[in-house]
Amino acid sequence: MKKITVIGAGISGLATAYYFKKAFPNAEIKIFEANKTCGGKISTVKKDGFIFEEGPRGIRPSGKGRHFLQFAREIGLWEKLVPSNKEAKIRYIFLEGKLEKLPSNPIEAITSKTTSGTLKAILQDLTTSQKTSIKDETIYDFIERRLGSEIANKLIDPVISGVYAGNIKKLSANETIYFLTEPEKNFGGIIKGLIKQPKTKPEISENFGEIEKSALVTFEGGMQTLIDRLSKLLEDNLVLGSKLTKIQKNGEKFVLDFGESVYEADFVFSTLPSYELAKIVDKNEPVFLKLTELLGKIIYAPISVTSLGYENKVNKFKGFGYLVPHREKQKILGALWNDQIFNGFAPKGKSSFSVMLGGACDENFSNFSEKDFIEMAENDLQKHLSISENPGIKMTKIWVLGIPQYNVGHKEIVGEIQNLFENSNFVVSGNFVGGVSVIDCVRNAKNLVGFFEQKNKERF
Ligand SMILES: Cc1cc2nc3c(=O)[nH]c(=O)nc-3n(C[C@H](O)[C@H](O)[C@H](O)COP(=O)(O)OP(=O)(O)OC[C@H]3O[C@@H](n4cnc5c(N)ncnc54)[C@H](O)[C@@H]3O)c2cc1C
């Protein structure tokens, strides 16, 4: 019986193992996870009737999100999906000392501070010729060239913070905002492209109805429900509390060393963060030595998520939450209003916030303690939302190496890694390879197994 091993039981590892089990029911499939529990960055904390997320809080169900909806249905979680409330479409940006609502219709767009300068930006885009010599550039350089620095600093910077906790002066435009760079490449400008480009066929044609229209979806009980379900489906395959300390090659096979035990595998699928994988591959093996060098170039942004629960309704704003551009020089990157996004995430009459701090631009992150993050979160919320009550619940999760950064040059590094292991039984995967979102992790797992199945069906 062929032995397939998946290393790491975050969503990438769990989804990979799930699809393997489906494709190769006769293979011996093992998932080795260092922790006693699964989930990796997915971590839901329940306290006094509140549900807080320390990692991802939801999935955008439209577009690529259909992959996730399909997955949720397949693993029997369709009934547990919770769409966000209508108000979750309302979002704010913190500008010049106060919250400004992002417009939801053209009239609001004319008067909103968040979109001031848009006409100038459109004119710039329509009159700026395409730069065909540029292969890739930073988000800032692309936006500044096409729409001007005002739009880059005021709108794009906070939105990118909200997804990557990233630095727009380093992140690759092609890898992150391809929906804006592609129109320029194909039609000479963003606006021209958005008008002229034909509607692309969705990757999944199945329609999931109303739920696709919501801003975000989660599960009853939060994202942990997804992990609990996958853990149950894979209970015979999971080996928890097994920290891999070394991977060595042995002919065509791989010897996985766990300190007190070893396991020999035919196929290894790593879903570890790059810095973890770099530590454990056998450096005497030239291909692993080269891999270590490449992995060392991958950068992660730090992020802390502070959860605050209040006894009363303390927030006079309605919506999803707000983001803060770096130029506003506040401590926080943004705050989410948990009690308004999903029903059932806070007891009736109480308020719940998740406040993000840190990010790739924060050079002082490592100097701060949990207490510091809580203090900064509380103070900024007090100031921005005029809250006078003290929160009854306050806790912080610190992710020192939180989110991989798809900076300019990242694609080439990943390409080199993939070339190193072309036609090999060792595969490097995870959220630094095919996208950071939970949707990307699931979609990549499915594609990876599909590709492997095509090549190896007869070997099982
Ligand atoms: C604060 C935060 C908020 C986010 N918000 C969202 C969001 O709202 N929506 C969204 O789509 N995405 C979001 N993301 C991104 C998304 O959560 C991650 O990209 C995704 O969960 C990563 O999954 P993964 O399995 O690739 O990696 P991980 O979750 O990092 O899993 C890797 C696993 O490997 C294990 N491991 C490490 N070393 C070893 C070893 N030596 N041996 C065995 N096991 C080992 C770890 O314990 C871990 O379980 C967020 C991320 C963060 C940090």
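**Before you click.** This is a predicted model: local features need pLDDT of at least 70, side-chain atom pairs count only at pLDDT 80 or more, and totals for chains, interfaces and linings use all residues. Residues are numbered from 1 along each chain as its sequence is written.

**The whole thing.** Show a cartoon and you have 16 helices and 19 strands (DSSP runs numbered from the N terminus: H or I of at least four residues for helices, E of at least two for strands). The radius of gyration is 23 Å, close to the 23 Å from the globule rule for 460 residues, so the protein is as compact as a globular protein of that length. That radius is taken over C-alpha atoms, and the rule is 2.2 Å times the number of residues to the power 0.38. The C-alpha trace spans about 65 × 55 × 45 Å along its principal axes. Of the 460 residues, 45% count as buried (20 or more other C-beta atoms within 10 Å of the residue's own; 12 or fewer is exposed, in between is partly exposed, with C-beta atoms placed from the backbone).

**Two domains.** Colour 3-37 + 225-298 + 406-459 as domain 1 and 117-196 as domain 2; these bounds come from an automatic or database domain assignment. Their centres, over C-alpha atoms, are 34 Å apart. Across the boundary, 6 residues of domain 1 are in contact with 9 of domain 2, where contact means C-beta atoms, placed from the backbone, within 7 Å. The domain 1 side of that boundary has 3 nonpolar, 2 polar and 1 charged residues. Here Ala, Val, Leu, Ile, Met, Phe, Trp, Tyr, Cys and Pro count as nonpolar, Asp, Glu, Lys and Arg as charged, and the others, Gly among them, as polar.

**The core.** Select Leu14, Ile139, Val355 and Val442: they have the most contacts inside the largest nonpolar core, which has 119 residues. Such a core is a set of buried Ala, Val, Leu, Ile, Met, Phe, Trp, Tyr and Cys residues joined through C-beta atoms within 7 Å. Helix α16 (residues 438-456) gives the largest share, 8 residues. Now zoom in on Val355: leaving aside neighbours within four places in sequence, its contacts include Thr306, Ile332 and Leu381.

**The ligand.** Which residues come nearest to the ligand? Pick Gly8, Gly10, Ser12, Gly40 and Pro56, out of 38 around it (C-beta atom, placed from the backbone, within 6 Å). That shell divides into 20 nonpolar, 13 polar and 5 charged residues.

**Single residues.** Go to Glu144 in helix α5 (residues 139-146). Is this residue buried or exposed? Glu144 is buried, with 20 other C-beta atoms within 10 Å, and touches Ser149 and Ala152, not counting residues up to four places away in sequence.

- Glu96, at about 45°, sits in the loop between β6 (91-95) and β7 (98-101) and counts as exposed, with 9 C-beta neighbours inside 10 Å.
- Ala165, near 50°, is in the loop between α6 (149-164) and α7 (173-176) and is buried, with 26 other C-beta atoms within 10 Å.

Last stop: Gly221, in the loop between β8 (217-219) and α10 (224-233).

Note on methods
Contact = placed C-beta atoms within 7 Å.
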